[in-house]
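Subject: Handover of a structure and notes on its contents

Dear colleague,

Please find the structure below, together with its sequence. My notes follow directly after it.

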Amino acid sequence: MTLATLTAKEPKIQYPDSKPGDTIDLLHGIHVPDPYRWLEDLNSEDTSKWVKAQNTVTESYLTKIPGRGPLEKHLTKLWNVERFGVPFLEGGRYFFTKNDGLQNQSVLYSTTSLESKPTVLLDPNTFSADGTVALSDYEVSPDGKQIAYSTSASGSDWIEWKVREIETGNDLPDHLLWSKFSGASWSKDGKGFYYGRFPTPKKGQKMTAQNIHKKIYHHTLGTSQDQDRLVYERPEHPKQGLYAWVSEDGNYLLIQVSRGTDTKNGLFYKDLSKPDSEVVELLPNFDASYDFVSSLGSTFLIRTDLDAPKQKVISIELNKPEPSNWKTIIPESPETLRSVSHIGGILIANYLKDARTEIRRFGLDGTQLPPVKLPGLGTASGFGGKSGQNETFFYFTSFTTPGAVYRYDVKSNTPVLFKSPKTQFRPKNYQSKQIFVTSKDGTKVPMFVVHKKGLKLDGNNPTLLYAYGGFNISLRPSYSPATIAWLDMGGVYVMANLRGGGEYGEDWHEAGMKLKKQNVFDDFIACAEHLIAKNYTSSSKLAIAGGSNGGLLVGACMVQRPELYGACLPAVGVMDMLRFHKFTIGWAWQAEYGKPDDASDFKNLLRYSPYHNLKPTNYPATMVITSDHDDRVVPSHSFKFAAALQAAQKGTAPSLIRIESKAGHGAGTPTSKRIEAIVDKYSFLSKTLGFEIKL
């Protein structure tokens with residue numbers, strides 16, 4: 001049966017009854033209908049029945065699409081490759097993750113020598129039968145005897161901390177709850193660690209209640225959580241975020257204070273060499289971003305964008321902390337400085353040049369040293385470790401380069417291949433290039449275009465355009481089995497670096513936030529129009545995709561320009577811009593989007609809010625994607641948008657919603673669920689964009 005005959009015989013989709021309510025809010029003098037408010041109650045029987053009914057419709061639609069079997073087989077083959085994480089050294093032992101290929105979760109290994117056979121330290125695949133409990137974070141004690149590790153169930157942001165003896169592999173009785181957005185940082189003596197936690201949520205509100213009043217505690221090994229010592233809190237600022245860690249020398253507890261997702265933060269410290277020392281508010285003005293790099297005795301090295309939108313490194317002497325005494329160690333560059341490590345007595349700086357990595361080296365006094373020669377044009381990450389270590393590791397990847405791990409010798413400035421996947425992938429069969437598109441206001445926006453060699457620019461290529469555009473997050477080239485599968489289907493993959501991201505520093509970020517958010521949508525629309533104008537594709541063959549803030553991007557653009565796309569895949573998106581601040585950590589995003597309770601921000605948010613701007617018209621084929629355990633962007637955003645879209649759709653294109661069970665915002669999703677989701681997405685696109693899956 002061909003795709004054409006299957007489509008011709010298919011009956012009209014009968015969507016579940018979403019029974020619109022009569023809720024209308026009066027906001028800043030404007031009556032705003034919210035007919036699907038009832039879908040915000042995630043615990044109600046009505047919502048549960050709606051979710052089940054929607055999934056039944058979506059599953060029925062997807063399973064009938066031909067070619068799913070070969071697609072799943074091909075994707076599984078691409079995925080089934082041994083993959084390594086970046087090793088690190090602590091307490092005389094190396095630690096790294098490895099996935100045999102199709103394991104649901106990567107396994108953490110330990111070894112005393114890189115030449116020795118490693119032993120399994122933590123295998124998250126044993127945490128649950130279906131692989132939905134993930135290893136979230138871990139921190140090894142300074143003496144290498146214990147590891148504090150956290151787990152997350154079903155993709156939730158909530159984590160539970162436990163402690164394991166590294167030598168025996170046995171867990172200690174320690175068990176800490178209600179932690180979120182927190183690491184663990186050991187005290188110098190190894191007798192305990194610092195971490196952050198929130199108050200216990202009320203019954204039934206675990207997935208929706210606002211995450212406020214975070215506090216920093218110290219947990220002493222062998223004690224119960226109710227005995228943990230409160231180290232720092234800011235009760236007068238319940239919505240400020242706190243993140244704490246111990247400096248390498250163990251002398252300072254650093255506390256980064258954030259106001260939502262604003263890049264401008266405070267940086268405080270506590271002198272741990274003095275038991276009763278008070279927390280010192282070193283940088284309390286929230287006038288720039290301040291990222292601690294290292295301490296040289298009583299001197300702090302800080303990466304900041306103060307008077308340097310693309311970042312610089314300064315030194316602050318704690319005994320003379322006034323700005324007049326600050327010294328610039330690494331000045332601002334035309335390229336964007338994204339991170340700095342203090343390794344082997346030098347500073348290793350990771351820069352972005354048009355979204356590609358450059359690694360530069362500096363002496364502690366700022367003297368420029370020869371750069372690190374990378375394997376090619378792509379993305380490098382890692383370079384962690386201690387200031388006295390002469391070796392570190394980094395990971396390198398690009399769209400057509402499977403990720404490999406390199407061991408790097410600081411003194412000789414020499415990277416050597418350490419681990420690379422044994423794959424049948426042939427890079428020579430594919431090509432990628434970067435092009436620049438002119439946006440509505442004349443701004444040049446970069447995007448990467450990837451496809452098989454020999455592509456004909458005839459306007460008939462199914463094309464998947466992906467972007468994010470927000471929160472100072474930079475999208476960089478990386479290898480993905482999912483991308484390669486799309487290319488092997490004959491598709492073109494495009495990744496756009498929109499304003500709102502961090503690719504060109506804080507100015508680029510600020511040009512796409514708050515009252516300037518429309519710039520991001522204009523950039524994305526310009527990228528779509530360019531692909532069509534240059535005959536890479538046509539509107540009927542073009543799909544757009546994005547997740548979280550990128551889901552908002554897709555939702556806003558499909559509402560503003562529905563005729564421009566053949567299909568839309570908004571995933572875990574922020575779709576209700578008037579109520580996002582009322583759930584979990586949503587209040588923190590007001591630093592990025594603006595405040596719905598402020599009149600001027602409200603009008604701007606209402607202008608582009610995807611949920612509120614749907615109207616009766618012909619919308620492109622759409623599959624909204626979310627998860628039932630997403631407590632970052634609560635699924636009611638997607639529920640309400642999907643219900644409103646189905647009511648507004650006047651054309652024949654499908655308006656579906658795919659709701660994953662026992663999954664969250666994306667982190668920790670098992671391999672099996674990831675493959676299933678990609679098969680569903682690509683099957684949906686093959687049908688709605690009108691091409692057969694041939695692999």
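A contact, as the word is used in these notes, means heavy atoms within 4.5 Å. On that basis Trp486 touches Pro462, Thr463, Leu464, Gly491, Val492, Tyr493, Tyr682, Leu685, Leu689 and Phe691, with residues up to four places away in sequence not counted.

Please note that this is a predicted model, in which local features need pLDDT of at least 70, side-chain atom pairs count only at pLDDT 80 or more, and totals for chains, interfaces and linings use all residues. Residues are numbered from 1 along each chain as its sequence is written, and side-chain values use heavy atoms, with hydrogens and water left out.

Overall form

The protein chain contains 12 helices and 39 strands; these are DSSP runs numbered from the N terminus, with helices being H or I of at least four residues and strands E of at least two. The radius of gyration of the chain is 25 Å, close to the 26 Å from the globule rule for 695 residues, so the chain is as compact as a globular protein of that length. That radius is taken over C-alpha atoms, and the rule is 2.2 Å times the number of residues to the power 0.38. Along the principal axes, the C-alpha atoms fill a box of roughly 75 × 60 × 55 Å.

Of the 695 residues, 58% are buried. Buried means under 20% relative accessible area, exposed means over 50%, and partly exposed lies in between (1.4 Å probe, protein chains only). The accessible surface of the chain comes to about 28600 Å², and 49% of it belongs to carbon and sulfur atoms; the areas come from the Shrake-Rupley method with a 1.4 Å probe, and for residues only the protein chains shown count as cover. Among contacts between residues at least 6 apart in sequence, 57% join residues at least 24 apart.

The nonpolar cores

A nonpolar core is a set of buried Ala, Val, Leu, Ile, Met, Phe, Trp, Tyr and Cys residues joined through side-chain atoms within 4.5 Å. The largest such core has 113 residues, of which Leu465, Trp486, Tyr593, Tyr682, Phe684 and Leu685 touch the most other members. Helix α6 (residues 518-533) supplies the largest share of this core, eight residues. Apart from it lies another core of 16 residues, including Leu267, Ala288, Tyr290 and Trp326. In soluble globular proteins, nonpolar side chains tend to be buried together.

Trp486 belongs to helix α4, where Pro481, Ala482, Thr483, Ile484, Ala485, Leu487 and Asp488 are buried along with it. Helix α4 (residues 481-488) is thus mostly covered, with eight of its eight residues buried. Its cover includes α3 (68-79), β32 (430-438), β33 (444-452), β34 (463-466), β35 (492-496) and α12 (671-688).

Ile525 is placed in helix α6 and is buried, with a relative accessible area of 8%. Its contacts, leaving aside neighbours within four places in sequence, are Cys557, Gln560, Arg561, Leu564 and Tyr565.

Two residues with positive phi

Most residues other than glycine have a negative phi, and most peptide bonds are trans. His213, although not a glycine, has a positive phi of about 65 degrees. His213 sits in the loop between β13 (192-197) and β14 (215-220) and is partly exposed, at 35% relative accessible area. Ser548, also not a glycine, has a positive phi of about 65 degrees. Ser548 is in the loop between β36 (542-547) and α7 (549-560), and at 15% relative accessibility Ser548 counts as buried.

Two further positions

Pro421 lies in the loop between β31 (414-419) and β32 and is buried, with a relative accessible area of 16%. Beyond residues up to four places away in sequence, Pro421 touches Val81, Glu82, Pro402 and Gly403.

Leu27 lies in strand β1 (residues 24-27) and is partly exposed, with a relative accessible area of 25%. Leaving aside neighbours within four places in sequence, Leu27 is in contact with Val32, Leu578 and Phe602.

Yours sincerely
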